[in-house]
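Biologist: Could you walk me through how to read a structure like this one? I would like the general idea each time, and then the case at hand.

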Amino acid sequence: MKRVVLNRRTGSGSLPGRVWPGATAVVLFAVFAFPVYWMFATAFKANKDIVSDTPVWFPTSPTFEHFTKAVGADGFWTFVGNSFAVTLVAVALSLVIALLASFAVARMRFKGRKSFILVMMMAQMAPWEVMVIAYYMIVRDADMLNSLPPLIAIYTVMVLPFTVLTLRGYVAAVPKELEESAMVDGCTRTQAFIKVIFPLLAPGLMATSLFGFITVWNEFPMVLILNKDPGAQTLPLWLTGFRTTFGDDWGATMAASSLFAVPILILFVILQRKAVGGLTSGAVKG
């Protein structure tokens with residue numbers, strides 16, 4: 001009886017109470033998914049359907065012409081290699097550094113610990129675009145323009161605050177007793193971390209690696225300013241190259257955008273369950 005009364009008061013058991021959340025979720029999904037669908041659909045449309053005055057919702061005669069043009073563009077594989085090299089190295093470096101820093105912040109008490117956390121939060125909130133000029137001057141004075149190492153260093157710093165803060169919460173969620181038990185059994189602190197704590201951090205590592213991969217993979221202003229040489233550029237700049245004397249080649253642009261989005265979609269599908277668990281588990285007080 002109490003359950004029935006509660007449902008009547010809150011409306012959670014009524015039909016509208018069950019329909020509205022689902023309807024809202026469907027509407028939000030449609031709003032966010034439609035641009036992605038339109039990008040992939042346009043990539044397969046013939047040119048006459050793309051420039052048609054009446055919107056063509058589905059490709060009437062699917063074609064791979066635009067994908068062939070995108071893949072055959074000058075320097076495509078160079079851009080792909082640069083993007084993967086910069087992204088994977090930057091994410092790996094940020095994970096290694098953040099793993100050590102987050103363990104120190106979560107497990108140890110030292111002078112300046114709260115200030116360090118505050119600095120990480122401020123760095124996370126600051127827009128990185130305001131640092132473009134400063135980074136350019138540093139890289140220029142070091143005579144390292146048009147090269148990948150400066151990009152890797154900058155991107156590592158960009159994703160490091162989020163990585164440290166997320167992993168800090170996740171390390172704090174691991175009971176200290178597990179580490180202490182391993183040390184009682186003869187493990188050193190380093191061995192206890194590697195054998196006991198590190199395996200439990202897998203969801204947190206996946207969440208932060210996914211965020212870092214998306215951030216670095218999509219980054220545009222830094223590479224635009226620092227690397228004018230096509231041999232040292234990444235895929236976001238490659239996407240801006242599909243222009244002709246008659247305007248934008250939308251078919252090739254949409255095909256290139258689809259190819260650009262595929263690695264992120266694949267990575268998200270693989271890691272999305274662990275990533276969500278890592279983000280929620282990391283949201284604890286440490």
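This is a predicted model: local features need pLDDT of at least 70, side-chain atom pairs count only at pLDDT 80 or more; totals for chains, interfaces and linings use all residues.

Biologist: How many cavities of 30 Å³ or more does the structure hold?

Modeller: The general idea is that rolling a probe the size of a water molecule over the atoms shows where empty space is left. Here a cavity is a set of points, on a 1 Å grid over the protein atoms alone, where a 1.4 Å probe fits but cannot get out; lining residues have an atom within 4 Å of a point. Points are joined across faces, edges and corners, and the volume is the space filled by probe spheres set on them. The structure holds one cavity of 30 Å³ or more, and the largest cavity has a volume of about 40 Å³.

Biologist: Which residues line the largest cavity?

Modeller: The lining is made of Ser83, Val86, Thr87, Tyr155, Val216, Trp217, Glu219 and Thr234. Four of the lining residues are nonpolar, three polar and one charged (Ala, Val, Leu, Ile, Met, Phe, Trp, Tyr, Cys and Pro count as nonpolar, Asp, Glu, Lys and Arg as charged, the others, Gly among them, as polar). Helices are DSSP runs of H or I with at least four residues, numbered from the N terminus.

Biologist: How many aromatic pairs are found in the whole structure?

Modeller: A pair of aromatic rings is described by the distance of the centres and the angle of the planes. Rings of Phe, Tyr and Trp (its six-membered ring) pair if their centres lie within 6.5 Å; planes under 30 degrees apart are stacked, over 60 edge-to-face and the rest tilted. A search of the whole structure finds 15 aromatic pairs. In one of them, the rings of Phe162 and Phe211 have centres 3.9 Å apart and planes at 35 degrees, so this pair is tilted. Phe162 belongs to helix H8 (residues 148-173) and Phe211 to helix H11, 49 residues apart, so the pair links distant parts of the chain.

Biologist: Are those two phenylalanines buried or exposed?

Modeller: Buried means under 20% relative accessible area, exposed over 50%, and partly exposed in between (1.4 Å probe, protein chains only). Phe162 is buried, at 17%, whereas Phe211 is partly exposed, at 28%.

Biologist: Which residues do ring pairs link into a cluster?

Modeller: That cluster holds Phe34, Tyr37, Trp38, Trp57 and Phe58. Trp38 lies in helix H2 and is partly exposed, with 27% relative accessibility. The charged end of Lys45 sits over the ring of Trp38, 3.7 Å from its centre (NZ of Lys or CZ of Arg must be within 6 Å of the ring centre and within 35 degrees of the ring normal).

Biologist: Which residues have the most contacts inside the largest nonpolar core?

Modeller: In soluble globular proteins, nonpolar side chains tend to be buried together. A nonpolar core is a set of buried Ala, Val, Leu, Ile, Met, Phe, Trp, Tyr and Cys residues joined through side-chain atoms within 4.5 Å. The largest has 20 residues, and those with the most contacts inside it are Ala70, Trp217, Leu235, Trp238, Phe242 and Ala256. Among the elements giving two or more residues are helix H2 (15-44), helix H4 (65-71) and helix H14 (250-281). The largest share, seven residues, comes from H14.

Biologist: Where does Asp143 lie?

Modeller: Asp143 is found in the loop between helix H7 (132-141) and H8. Asp143 has a positive phi of about 55 degrees although it is not a glycine, and it is exposed, at 71% relative accessibility. Asn146 is in the loop between H7 and H8, with a positive phi near 60 degrees; at 35%, Asn146 is partly exposed.

Conventions: Residues are numbered from 1 along each chain as its sequence is written. Side-chain values use heavy atoms; hydrogens and water are left out. On a 1 Å grid over the protein atoms alone, a cavity is a set of points where a 1.4 Å probe fits but cannot get out, and a pocket is an open set with protein on both sides within 12 Å along at least five of seven lines; lining residues have an atom within 4 Å of a point.
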